[in-house]
Amino acid sequence: MAGDEYERMLQAFAVAKSFLKQQVELGFDEVYAQVKTRKKSPAPKSLDDFCDKIKNCTKCDLGYSRTNFVFGTGDPGANLMLIGEAPGREEDLQGEPFVGAAGKLLERMLEAIQFKREEVYIANILKCRPPENRDPRPDEIETCKPYLFQQIKLIQPKIILALGRVSAQVLLETKSALGQLRGRFHDCNGIKFLVTYHPAALLRYQQYKRPTWEDLQLLRKEYDKIEVSAG
Ligand code: SF4
């Protein structure tokens with residue numbers, strides 16, 4: 001076998017091995033059935049349990065450059081979950097999502113529609129900061145997103161608000177522009193899903209403020225309907 005081909009084979013094997021390991025850790029039975037040599041880890045019972053399990057993750061390179069792992073924060077039983085892209089500088093330093101200038105603005109946005117930060121759950125697609133706040137790479141997103149899916153499974157929100165293009169495109173599995181996705185509810189595996197601009201974009205571009213305000217009002221209206229139907 002030629003050297004290049006052998007290298008490629010080794011790389012493919014390493015990726016497959018890492019994927020299977022992650023699936024087993026997440027407690028996915030069907031994959032476990034194929035990995036008979038490993039003992040299945042029990043599925044996490046709570047967010048804290050899950051965080052403990054993955055907080056030392058180094059499945060992608062970001063695990064080696066981060067200061068802190070940024071799992072998520074808020075009410076583990078929240079009906080509303082907010083999902084951003086990845087931790088920034090402040091978030092990396094403090095180990096909490098949305099704590100910098102964009103985080104302060106997000107709090108004001110929530111207050112404007114009568115939500116307190118602690119009554120929603122806030123997380124990101126990636127749990128570790130990309131250096132210099134560059135865009136997350138597709139391989140990083142692929143590696144990290146099962147963690148977010150597991151968080152969603154544990155929280156079981158009724159509504160998800162995606163903050164920004166990356167979060168919207170990853171969760172809706174689309175390449176459509178944010179402007180085409182916002183302003184209406186989508187279905188994301190049975191969960192009502194709304195898209196709006198990331199607060200960091202609002203800090204830079206005034207013109208996004210009005211459409212974001214419209215999205216937030218839409219969100220509040222839908223949330224109230226859910227509250228009423230839940231009695
Ligand atoms: S970004 Fe996600 S996959 Fe990469 S090291 Fe951090 S937790 Fe692990």
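I kept in mind that the model is predicted.

**Ligand site**

I looked up where the ligand sits, and I found it in the largest cavity. Next I listed its surroundings. Cysteines come up here, namely Cys57, Cys60, Cys128 and Cys144, among other residues. Lys59, Arg66 and Lys127 are also on the list. I sorted the shell by class and got 6 nonpolar, 2 polar and 3 charged residues. Which helix gives the most to this shell? I found that helix H7, residues 138–155, does, with 3 residues.

**Sheet**

I then traced the sheet. It is open, and its 6 strands run in the order S1-S3-S2-S4-S6-S5. The pairing is mixed. I checked the edges, where S1 (73–74) and S5 (186–188) stand. Each has a single partner strand, so one side of each lacks a neighbour in the sheet.

I also noted a helix on the sheet. H8 (residues 165–172) packs there and touches S2, S4, S5 and S6. Its direction makes about 150° with that of S6.

Last, I looked at one pair. S2 (residues 80–84) and S3 (residues 121–124) pair in the parallel sense over 4 bridges. Met81 has Tyr121 in S3 as its bridge partner.

Definitions and conventions: Residues are numbered from 1 along each chain as its sequence is written. This is a predicted model: local features need pLDDT of at least 70, side-chain atom pairs count only at pLDDT 80 or more; totals for chains, interfaces and linings use all residues. Side-chain values use heavy atoms; hydrogens and water are left out. A residue is near a molecule or strand if one of its heavy atoms lies within 4 Å of it. On a 1 Å grid over the protein atoms alone, a cavity is a set of points where a 1.4 Å probe fits but cannot get out, and a pocket is an open set with protein on both sides within 12 Å along at least five of seven lines; lining residues have an atom within 4 Å of a point. A molecule sits in a cavity or pocket if more than half of its atoms lie within 2 Å of its grid points. Helices (H or I, at least four residues) and strands (E, at least two) are DSSP runs, numbered from the N terminus. Ala, Val, Leu, Ile, Met, Phe, Trp, Tyr, Cys and Pro count as nonpolar, Asp, Glu, Lys and Arg as charged, and the others, Gly among them, as polar. Two strands pair if DSSP finds at least two bridges between them. Contact means heavy atoms within 4.5 Å. Axes are lines fitted to C-alpha atoms, for helices over the stretch in contact, and angles run from 0 to 180 degrees between N-to-C directions.
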